[in-house]
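Work through the exercises below with the model open beside you. Try each task before reading its solution.

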Amino acid sequence: MRAVIQRVYDASVTVDGEVVGSIERGLLVYLGVGEGDTEEQLKWICEKIPKIRCFRDEHGKMNLDLKQVDGQILLVSQFTLLANLRKGNRPSYDRAADPKIAEALYDKAFSLFEEQGVPVSGGVFGSHMHVRYTNDGPVTFTLDA
């Protein structure tokens with residue numbers, strides 16, 4: 001399981017011309033679910049992300065977490081995070097989870113964030129999405145479980 005996390009001023013995701021999710025200040029999280037990934041790994045990632053101290057405090061240091069800045073999460077599924085680019089020029093997605101399994105874990109992530117009191121919005125699993133955001137920094141992290 002892999003997450004790419006970006007600190008943003010704002011972010012939105014559009015499907016078929018309709019905004020289906022948007023946030024103000026917070027974290028844009030792309031989530032890729034791999035073959036064999038578990039709910040336990042998802043729980044670890046979903047507990048870790050809101051605690052990442054990547055927001056600036058009054059001294060300009062990255063010292064505050066998502067809750068301390070009243071931030072939100074925009075969660076977007078992205079199986080391409082599991083692509084293997086080592087051989088040839090066409091990405092291989094052999095390591096990505098079966099879509100039914102990946103969708104169930106993606107859906108579970110929403111409830112795991114909400115259980116922690118984190119406002120979360122998202123895209124539509126398996127859809128072609130347009131993601132717009134204003135990266136703050138830029139600040140981008142990867143997190144593997």
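**Exercise 1: strand partners**

In β7, G122 is the bridge partner of L75. The model is predicted: local features need pLDDT of at least 70, side-chain atom pairs count only at pLDDT 80 or more, and totals for chains, interfaces and linings use all residues. Residues are numbered from 1 along each chain as its sequence is written, and side-chain values use heavy atoms, with hydrogens and water left out.

Task: find how many bridges pair β6 with β7, and in which sense, parallel or antiparallel.

Solution. 
- Start with the elements: helices (H or I, at least four residues) and strands (E, at least two) are DSSP runs, numbered from the N terminus.
- Apply the pairing rule: two strands pair if DSSP finds at least two bridges between them.
- β6 and β7 share three bridges, in the parallel sense.
- β6, α2 and β7 form a right-handed β-α-β unit. A crossover is right-handed if, with the strands pointing away from the viewer, the path from the first strand over the helix to the second runs clockwise.
- Turn to β3. Six bridges join β3 to β6, and these strands run parallel. Here Y30 stands opposite V76 in β6.
- Check burial, where buried means under 20% relative accessible area, exposed over 50% and partly exposed in between (1.4 Å probe, protein chains only). Five of the six residues of β6 are buried, so β6 is largely enclosed by the rest of the structure.

**Exercise 2: the neighbours of β1**

Task: which strands does β1 join by bridges, and how many bridges join β1 to each?

Solution. 
- Take β3 (residues 26–32): seven bridges join β1 to β3, running antiparallel. V4 stands opposite Y30 in β3.
- Take β8: eleven bridges join β1 to β8, also antiparallel. R2 stands opposite D144 in β8.
- Take β2 (residues 18–23): five bridges join β1 to β2, and this pair runs antiparallel. V13 has G21 in β2 as its bridge partner.
- Look at the turn. The hairpin of β1 and β2 has two residues between the strands, and D16 takes a positive phi near 50 degrees there.
- Finish with burial. β1 (residues 2–15) is mostly covered, with eleven of its 14 residues buried.

**Exercise 3: I5 and the cores**

Task: is I5 buried or exposed, and which residues does I5 touch?

Solution. 
- Locate I5: its place is in strand β1.
- Read its accessibility. The relative accessible area of I5 is 1%, so I5 is buried.
- List contacts, meaning heavy atoms within 4.5 Å. Not counting residues up to four places away in sequence, I5 touches L27, L28, V29, I49, I52, V139, T140, F141 and L143.
- Go to I49. Leaving aside neighbours within four places in sequence, I49 is in contact with A3, I5, L27, V29, I73, F113 and L143.
- Define the core: a set of buried Ala, Val, Leu, Ile, Met, Phe, Trp, Tyr and Cys residues joined through side-chain atoms within 4.5 Å.
- The largest nonpolar core has 30 residues, of which L27, L31, I49, I73 and L75 touch the most other members.
- Sort by element: β1, β3, α1 (39–48), β6, α2 and β8 each give two or more residues to this core. The largest share, seven residues, comes from α2.
- A second, separate core has 14 residues, including V4, I23, L74 and L81.
- For a span, take I5 and G88: they are 83 residues apart in sequence and 28 Å apart in space, C-alpha to C-alpha.

**Exercise 4: aromatic pairs**

Task: how many aromatic pairs does the model hold, and which rings form a cluster?

Solution. 
- Set the rule. Rings of Phe, Tyr and Trp (its six-membered ring) pair if their centres lie within 6.5 Å; planes under 30 degrees apart count as stacked, over 60 as edge-to-face and the rest as tilted.
- By this rule, there are three aromatic pairs.
- F79 and Y93 form an edge-to-face pair, 4.9 Å centre to centre with 65 degrees between the planes. Both lie in the loop between β6 (72–77) and α2 (99–115), 14 residues apart.
- Y93 has 33% relative accessibility, so Y93 counts as partly exposed.
- Y106 and F125 form a tilted pair, 6.0 Å centre to centre with 45 degrees between the planes. Y106 is in helix α2 and F125 in the loop between β7 (120–122) and β8 (130–144), 19 residues apart.
- Compare their accessibility: Y106 is buried at 2%, whereas F125 is partly exposed at 23%.
- Ring pairs link Y106, F110 and F125 into a cluster.
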